[in-house]
Amino acid sequence: MYDFTLTSEQKAFKAMCRNFATKELAPIVGKADLVPDPKDAWGVVAPVMNKALKLGLGKVGIPEEYGGGGAGMVETMILAEEFGAVDYGFAMSLWVTTTATRLLLNGTEAQKKKWWGPTIADETGKYIWATVSTEPPGGNEMMCPLPDTQMGIHTSAIRDGKGYRIKGQKLFITNGGEAEVLIVNARTRPDLPNAQGCNWFLFHKDTPGFSVGRYDSKIGGRLSTNTELFFDDMWVPEEDMIGEEGKGFWVIERIYLENSLTLAATCIGVARTAYNYALEHARNRIIWGKPIIEYQGTSTRLVQMKLKIETLRALCEKLAWALDNPAEAEGLDKLTKLAKYYSGQVVHEVTADAAYIFGGYGLMKGIPVEKLIRDGLLTRVVEGCVEANEWMTAQYDLKPIV
Ligand SMILES: Cc1cc2nc3c(=O)[nH]c(=O)nc-3n(C[C@H](O)[C@H](O)[C@H](O)COP(=O)(O)OP(=O)(O)OC[C@H]3O[C@@H](n4cnc5c(N)ncnc54)[C@H](O)[C@@H]3O)c2cc1C
């Protein structure tokens, strides 16, 4: 049975995230958002990220016996919501490290020591991680479960001695230019369909053959960076491959499920902030002699906003439990793909409604709601489109509800 009550440790973690986000992150958000060049914007963000990592927020997902925080999905959600309430892009950049490190929960003992070790030991706050999958022919291709061998991942990993040579191009990668540790998805078996032919490889940013290309300038989420990455016959030893050759598809599924939920939790934070701004404005704005919240049109709009946020939160809390307890959850964990879709809808509607309550001010640049609208818009695309996620759910996860 799941319980929505946070433990005392979870409450303390939530308070710590909120305190850090409010005191350290909030003061730089407005400035970093307006810096035109994404590399320069990262220059403003990096000292705060550095501080957050020094505090241990990048290693919360690593089990306690290895020196990490032992966080499950509930804590990951807390982190995403609290940072998302202050800035979407920063939250995403931070939790990508958390969810990437969690991938090694299913790695070998040697991989855990080799790759978690330096992150745990790091006192400089530079150990950012990235997961690298999307390619120019289409991000939605990456999850392709169909038998056609031409579909899916095109980056190749060809056996060479006691390792693999990786060749290809990736794009839109969060933290791609900043990460110390990256995990790349490549095709070890191009003769087999995507789902039977992929593997993920861990590597350090200094590995010969790896290079960073263009930095993307996004309309929202501007406190995180996204980059093109190139692999020019980059050699990695076989022990850095996750799982057996050709059997890495489950890793991409795991990333999708965890990242989808974490992205949805980020949107709870964004929507919460938009709602709080709108509520305050509705109480203070006097039109025709009374605060606009006293007009039913405004108050019911706020009620609907609250309902959407609380519904999303309840769904995410249940799915966090399902991801942490897959054996008991009877496949419910697979629905995080759709929670992500729903969160995109909620954040879009709530931020637009908040702007409406602000009237003319809601359409002006420079008020916080305008930025929240831009940030929230990213959600529908990141981690795959609605149609692909619905199709996969329909094909594999439609079971009777008991
Ligand atoms: C801010 C941001 C951060 C990101 N971070 C990362 C990261 O860290 N790592 C990483 O690997 N990738 C990352 N991505 C890439 C992201 O996952 C992809 O953009 C996403 O999967 C969509 O891929 P695409 O942009 O190539 O769109 P496409 O795959 O070209 O899809 C475009 C449109 O086609 C339609 N469509 C596609 N497939 C179907 C289908 N099966 N059925 C019906 N319609 C369909 C939909 O309308 C869809 O929106 C990031 C992207 C952004 C914007």
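Residues are numbered from 1 along each chain as its sequence is written. The model is predicted: local features need pLDDT of at least 70, side-chain atom pairs count only at pLDDT 80 or more, and totals for chains, interfaces and linings use all residues.

Helices (H or I, at least four residues) and strands (E, at least two) are DSSP runs, numbered from the N terminus. A residue is buried if 20 or more other C-beta atoms lie within 10 Å of its own, exposed if 12 or fewer, and partly exposed in between, with C-beta atoms placed from the backbone.

Strand β1 spans residues 129-132. In a regular strand the side chains alternate between the two faces of the sheet. Both faces of β1 are covered. W129 and T131 are buried on one side, and A130 and V132 are buried on the other. Two strands pair if DSSP finds at least two bridges between them. By 4 bridges, β1 pairs with strand β4 (residues 181-187) in the parallel sense. Within this pairing, A130 stands opposite L182 in β4.

On β4 there is also a pairing with strand β5 (residues 198-204). These two strands run antiparallel and are joined by 7 bridges. V181 has H204 of β5 as its bridge partner. Strand β5 is largely enclosed by the rest of the structure, because 6 of its 7 residues are buried. β5 pairs with strand β8 (residues 241-242) as well, antiparallel and over 2 bridges. There, W200 stands opposite I242.

N185 lies in β4. N185 counts as buried because it has 27 C-beta neighbours inside 10 Å. Two residues are in contact if their C-beta atoms, placed from the backbone, lie within 7 Å. Not counting residues up to four places away in sequence, N185 touches V132, S133, M142, I153, C198, W200 and I252. N185 and I166 are 19 residues apart in sequence, and their C-alpha atoms are 9.6 Å apart in space.

Among the helices, α11 (residues 368-377) has the buried residues V369, K371, L372, I373, D375 and G376. What covers these buried residues includes α1 (8-34), α4 (88-102), α7 (249-284) and α10 (336-357). In another contact, M73, V74 and M77 of α3 meet C316, A320, L323 and D324 of α8. The residues of this contact divide into 6 nonpolar, no polar and 1 charged.

Two residues other than glycine have a positive phi near 55°: D233 and W288. D233 sits in strand β7 (residues 226-237). D233 counts as exposed because it has 12 C-beta neighbours inside 10 Å. W288 is found in the loop between β9 (286-287) and β10 (290-291). With 7 other C-beta atoms within 10 Å, W288 is exposed.

Note on methods. Ala, Val, Leu, Ile, Met, Phe, Trp, Tyr, Cys and Pro count as nonpolar, Asp, Glu, Lys and Arg as charged, and the others, Gly among them, as polar.
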